[in-house]
Amino acid sequence: MTDWFDRACKAIPGGVNSPVRAFGSVRGQPVFVSKGEGPWITSEEGTRYLDLCMSWGPLILGHADPVVVETVQKKAKDGLTFGACHRQEVELAETILCGYPWAERVRMMSSGTEAVMTAGRLARAVTGRPLLLKFDGGYHGHSDGYLVKAGSGLATQAIANSDGVPEAIAGCTRVLDLDDLEAAKALFAEEGDSIAAVVIEPLPANNGLLIQRQRFLAGLRDLCDQYGALLLFDEVISGFRLRYGGVGPLFGVQPDLVTLGKIMGGGLPMGAMVGTADVMDRLAPVGPVYQAGTLSGNPLSVAAGLATLQQLFDPKVYDELERKGALVENMLQQADLEHMQVVRMGSILWLYASGETPPRRAVDVDGMISERFGSVHEAMLRAGFYLPPSAYEVCFVSLAHTDAQLSSFAQALVEASRTTTKQAAAGT
Ligand SMILES: Cc1ncc(COP(=O)(O)O)c(C=O)c1O
């Protein structure tokens, strides 16, 4: 049998096209997927797994949703890309705006990274200021200015957390802890006149699920208003995941700019920026802020996005996702495990391999979770469940997951957690 990972490592750096896929923080080797259908994926070896990773979020309807696939197949026959205007991109923009009634414009791109990168540039252009403020544990794609972490000296001064990011660029980002409004107030008091935007995942889901308090997000809104900075909600994960549109209304906070990706592309490459006309019309060709893309708004991604969003119009869809997520959470709660709990919002579930209170800040995450999760991940894979290969990544439940499948998942997770906790205690 072909060792695909061995072959991959010879042709692709680390064998992967995105680092977390390499199983670096769990045991074993990456699964090579040959097929996805509903909640299932099948490996090259023919093993079927119940998928809880779901391509990291886009597949809210499940793998290969029949309507999405048929739409894309039909569309493909009419040409894969035009690099020119087409009707459906207008329809998709209008469909997205239905979910963001305060906004007036959408610009489409090919990834979330592009969207957040451009949003930072736009915020700088609108305010004429250089600095972006982000939060420890937030992920905003891999453009230079966001690949930073808090430095050890000056509390808020960022340093690059990737080689190849010049200090001059890292130096234009400030990093604070989530859930610390006092720190944000202090930073604004010192540098508020230079801050272009506060960039935050309103539901941070890239370092575990760090659910924020309403008053923190509202406090950031007030600071932005007071100092004339823009509030940018990075909703690449949360957009259309918990309701049709963004999570702003759930917290009673309206941002100035939103970045999207994942679900709105229906499983094909997509990213977008959403905002009011006065901000968004600074983009070229109307305004002086440059942004472009050969495949931006390409017909296939747009068709997949539209076919997905149209199925999410009905609010019952989100009730159903909430119910399915709660089913797993409740089963885990009842099991009352020593080192495993579900931290959840809607259909986003973080398997927090700890008995401690769920954290709101990255620094408060239990330092033992990688070790514990590694064993659980291995056991779950053996039992036929594909979890995201990192203790810090969240699971996604889709409409394709049945109650019976989710119950068997929760049951297997309880067993795997009990067994691995016992083994760890026995030192085996
Ligand atoms: C909140 C957030 N922003 C931006 C990105 C980057 O999106 P992409 O991977 O499409 O470039 C991600 C990716 O996971 C994300 O979760």
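Colleague: Hi! In which sense do strand β10 and strand β11 pair?
Modeller: Hello! This is a predicted model, and in it β10 (residues 230-234) and β11 (residues 257-261) pair in the parallel sense, over three bridges.

Colleague: Which residue stands opposite threonine 259 in β11?
Modeller: That is aspartate 234.

Colleague: And what order do the strands of the sheet come in?
Modeller: The order is β4-β12-β11-β10-β9-β5-β8, seven strands forming an open sheet with mixed pairing.

Colleague: Why is one side of β4 and of β8 left without a neighbour?
Modeller: β4 (105-109) and β8 (173-176) stand at the edges of the sheet and have a single partner strand each, so one side of each has no neighbour there.

Colleague: How many degrees does the twist average from one strand to the next?
Modeller: The average is 20 degrees.

Colleague: What does α4 touch on the sheet?
Modeller: Helix α4 packs on the sheet and touches β4, β5, β9, β10, β11 and β12. Its direction makes about 165 degrees with that of β11. Another helix, α6 (residues 181-191), lies across β5, β8 and β9, at about 155 degrees to β8.

Colleague: Switching to the ligand: which residues come nearest?
Modeller: Ser111, Gly112, Thr113, Gly141 and Val236, out of 15 residues around the ligand. By class, the shell has five nonpolar, eight polar and two charged residues.

Colleague: Last topic: how is the chain divided?
Modeller: Into domain 1 (4-64 + 315-426) and domain 2 (66-312). Their contact takes 24 residues from domain 1 and 27 residues from domain 2.

Key:
Residues are numbered from 1 along each chain as its sequence is written. This is a predicted model: local features need pLDDT of at least 70, side-chain atom pairs count only at pLDDT 80 or more; totals for chains, interfaces and linings use all residues. A residue is near a molecule or strand if its C-beta atom, placed from the backbone, lies within 6 Å of it. Ala, Val, Leu, Ile, Met, Phe, Trp, Tyr, Cys and Pro count as nonpolar, Asp, Glu, Lys and Arg as charged, and the others, Gly among them, as polar. Domain bounds come from an automatic or database domain assignment. Two residues are in contact if their C-beta atoms, placed from the backbone, lie within 7 Å. Two strands pair if DSSP finds at least two bridges between them. Helices (H or I, at least four residues) and strands (E, at least two) are DSSP runs, numbered from the N terminus. Axes are lines fitted to C-alpha atoms, for helices over the stretch in contact, and angles run from 0 to 180 degrees between N-to-C directions.
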